[in-house]
Amino acid sequence: MESLLIRGGRIIDPASGLDATGDVLIVDGRIADIETGSTLDPPQAEVIDAEGCIVCPGLLDIHVHFRDPHQGQLHEETIGSGSASAVAGGFTTVACMPNTAPALDDPTWIGHVIQRGRERDLARIHAIGCGTIGRKGREIAPIGELVAAGAIGISDDGDGIEDDAMMRSVLEAVHEHDTCFMQHCQVPSMTRGAAMNAGPLATRLGLIGWPVEAEEAMIERDLTINADIGARYHAQHLSSGGSVDLIRAARSTGQPATGEASPHHLLLTEAACDGYDTSAKMNPPLRTESDIARLKEGIADGTISILATDHAPHPAHSKATDFASASFGIVGLECALPLYKQALIDDGVLDWPSMLAMMTTAPAALVGLDASGAGRLETGGIADITIIDPDLEWRIDPDAFRSKGRNCPFTGWSVQGRALATIVGGRLRHHIEGIEARLPGSLLQG
Amino acid sequence: MTTATWTSSGHLLGLEGLTRDDLLLLLDEAEACLPVLRGDMPARTDLAGRVVANLFLENSTRTRVSFSVAARRLGAQVVDLLGSSSSASKGESLVDTATNIAAMGVDGIVVRCGASGGAALVSEHVDVPVINAGDGRHEHPTQGLLDLMTLRQHFGGTLEGRTIAIVGDIASSRVARSNLWSLTAVGADVVLVGPESLLPADFGSFIPSGSGRGSVTISHDLDAVLDSVDAMMMLRIQFERHDGDGIPDDYRQRFGLDAARAARLGAGVPVLHPGPINRGLELSAEVADGPRSLVLRQVTNGVAVRMAVLAGLLASDG
């Protein structure tokens with residue numbers, strides 16, 4: 001019987017509303033006891049000192065790209081390096097998007113991703129299945145089979161589903177199989193050649209603009225179609241304030257629609273693209289201060305209930321080119337937590353419990369992992385736990401990332417807050433250097 | 001006495017950062033080159049023993065030849081690397097091609113490319129001066145300079161308070177962007193004219209106002225501005241940057257400058273065009289070859305401004 005005691009931390013469990021100082025005892029990979037009235041002192045338990053730290057359910061990121069399978073692609077990430085990156089950032093569970101090569105449109109490939117994740121045995125690796133074959137939008141994917149094979153959601157991420165009738169079919173299948181649909185909200189005909197937010201800056205730089213309408217028009221269409229179907233509909237990585245209004249209105253009619261926000265869309269504006277800085281090239285693009293303010297309003301009122309990084313590693317050479325040719329996206333897992341804190345807690349939008357809910361209970365519920373106990377702390381539940389020092393100050397250095405990706409616009413930022421230790425299934429899967437004094441010697445040797 | 005600050009970056013990537021004094025100083029240098037071109041003064045030797053590379057990844061004849069003539073008039077040797085013959089067609093990146101040329105020891109690189117920001121990108125990777133000869137839709141600074149020089153000659157002095165119309169495919173035009181920076185910097189007011197599909201409203205707002213800059217206004221009606229402008233700059237419709245959409249079927253009727261429209265311009269109002277001209281579309285042959293046309297003057301001035309730029313960047317480079 002292996003026992004691990006996390007002593008003296010601020011235990012935050014958004015699911016139960018618990019927010020109190022206390023001890024968490026883990027026995028054989030499960031939470032054996034949570035004690036906030038007095039201290040636990042079980043014999044033979046190894047002790048982690050969590051004083052001054054937050055002890056919360058392991059974080060979930062339902063939107064990452066680990067680039068596996070990767071036939072014909074460079075090894076810009078693997079499930080191994082991605083898993084290491086996840087636990088280094090405090091994430092115990094991630095969902096891999098299906099825009100791989102080949103795309104995850106076949107149950108075999110869903111099984112492959114899950115199997116690779118088990119072999120790497122760091123974070124819990126899940127897969128999202130395609131909505132259409134090859135993500136091409138023409139032929140519906142075998143959604144029931146993908147779900148049966150373990151897919152926890154459906155998406156053509158990287159592309160939106162453009163055809164209206166196809167969108168209806170996919171949403172019906174998603175509803176029938178009790179899963180969720182995650183839309184990459186981008187009308188392709190409005191974004192041909194587009195590289196950054198449409199506006200005076202794009203015009204000055206001579207780059208083709210990406211209008212907010214390209215996002216909003218697809219969301220509006222989707223919500224109209226889904227009004228009758230009632231599938232769990234999730235709009236990924238929102239960039240436009242107008243999108244928030246659309247989702248808010250749909251939610252007010254009872255439609256199960258949710259929104260997602262990423263660190264870069266909450267902290268950076270299109271101004272980061274000036275000087276043709278390709279590290280700031282994103283899909284959807286960085287927008288304006290006004291959009292950031294409206295995204296935060298959506299977070300404050302629950303319209304946007306999920307935080308996700310859209311962790312998107314790229315080889316250096318695909319960013320070291322001209323802006324229009326450069327790849328979209330940034331890596332996010334290892335710096336997301338302090339960036340969310342800066343955008344949302346430091347700015348007074350949320351407190352720690354409400355922010356952690358957006359990284360635990362809400363994403364777990366969307367993808368149906370709440371049934372397995374993911375995203376919450378409860379006696380008898382799986383011991384996926386993240387220990388966070390909310391005050392630790394550090395500098396973001398992509399060269400120190402476990403991810404193979406270095407493409408990050410936050411390089412050199414001084415931030416506050418960091419996952420000190422990440423526990424998956426009761427086992428310490430990551431800890432940062434310098435906290436050895438908090439950890440029992442046996443864990444360090446392991 | 002003003003001193004040149006435009007050379008401080010070691011490159012000429014655009015006219016965006018250039019001050020009024022920079023621009024006027026460059027024009028003065030260019031004017032001093034004209035007697036050399038006319039044969040009234042001996043050839044210059046500023047760049048004797050230097051090698052200038054023309055890295056042209058987009059089709060261009062006159063700009064490349066103009067740079068070549070300018071470099072040779074300064075005593076430099078010129079090598080051309082063209083899109084179709086260079087490694088670019090084998091998938092080698094712009095940066096790789098440029099760093100290889102730089103490694104061969106050339107003294108300056110003139111870059112023409114289809115990517116906005118391409119010249120700036122090259123400048124970050126080589127340690128010799130880079131001159132932007134047109135990067136995508138972004139800027140074409142020597143074109144902006146030669147247009148400014150031609151207008152200054154025409155008006156016999158300051159452009160302050162003059163109203164210059166730039167007409168046509170503004171959205172695709174690096175020439176329009178460079179001209180917006182330079183014309184407003186010297187105090188000229190610019191009126192941009194074109195159909196909405198080729199002239200987004202954003203063009204009215206990216207040039208900062210104030211600090212002595214001229215104004216920028218937008219019009220979608222050429223006939224409404226004809227009697228209030230001091231010069232007409234007609235742009236080429238860039239079919240290669242459109243998928244067929246964006247160019248209205250009635251473009252010539254609404255925005256083409258033909259003899260009838262030219263007759264409504266004020267006396268002596270000149271017509272410029274960066275070339276090559278789509279004759280009969282944005283500009284009729286009569287006007288292109290008529291008394292208002294400064295097109296050939298622009299071509300001559302182009303060599304002079306490129307001499308001034310090459311001498312300013314490469315001769316001071318040690």
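A residue is called buried under 20% relative accessible area, exposed over 50%, and partly exposed in between (1.4 Å probe, protein chains only). That scale runs through this account of a predicted model, in which local features need pLDDT of at least 70, side-chain atom pairs count only at pLDDT 80 or more, and totals for chains, interfaces and linings use all residues. Residues are numbered from 1 along each chain as its sequence is written, chains are lettered from A and ligands numbered from 1 in the order in which they are written, and side-chain values use heavy atoms, with hydrogens and water left out.

Start with chain A. Its secondary structure comes to 14 helices and 17 strands; helices (H or I, at least four residues) and strands (E, at least two) are DSSP runs, numbered from the N terminus. Its C-alpha trace spans about 65 × 45 × 45 Å along the principal axes. Of its 446 residues, 61% count as buried.

Chain B has 11 helices and 9 strands. Its radius of gyration is 19 Å, close to the 20 Å that the globule rule gives for 318 residues, so chain B is as compact as a globular protein of that length. This radius is taken over C-alpha atoms, and the rule is 2.2 Å times the number of residues to the power 0.38. In chain B, buried residues make up 58% of the 318.

Now look where the chains meet. Contact means heavy atoms within 4.5 Å. The contact takes 15 residues from chain B and 12 residues from chain A. In chain B, B:S116, B:D202 and B:F206 lose the most area to chain A, together 34% of what that side buries. The two chains bury about 1200 Å² between them, 60% of it on carbon and sulfur atoms. Buried area here is the accessible area (1.4 Å probe) that two parts lose on being put together, summed over both.

Side chains of opposite charge can pair when their charged atoms come close. A salt bridge is a side-chain nitrogen of Lys or Arg within 4 Å of a carboxyl oxygen of Asp or Glu. The interface has 1 salt bridge. A:R204 pairs there with B:E16, the closest N and O atoms being 2.8 Å apart.

Over all chains, the whole structure has 35 salt bridges. One of them joins A:D121 and A:R427 (2.9 Å, N to O). This pair links distant parts of the chain, 306 residues apart: A:D121 sits in the loop between α2 (107–120) and β8 (124–127), A:R427 in strand β17 (residues 427–431). A:D121 is partly exposed, at 31% relative accessible area. A:R427 is partly exposed too, at 39%.

In chain B, B:R64 and B:D80 form a salt bridge (2.9 Å, N to O). B:R64 lies in helix α2 (residues 62–73) and B:D80 in strand β2 (residues 77–82), so the pair ties together parts that are 16 residues apart in sequence. B:R64 is buried, with a relative accessible area of 15%. B:D80 is partly exposed, at 36%.

Finish at B:S172. This residue lies in the loop between β5 (163–167) and α6 (174–185) of chain B. B:S172 is buried, with a relative accessible area of 1%. Leaving aside neighbours within four places in sequence, B:S172 is in contact with B:R137, B:R177, B:Q238, B:R241 and B:H242. B:R241 is 69 residues away along the chain, yet its C-alpha atom is separated from that of B:S172 by 6.7 Å.
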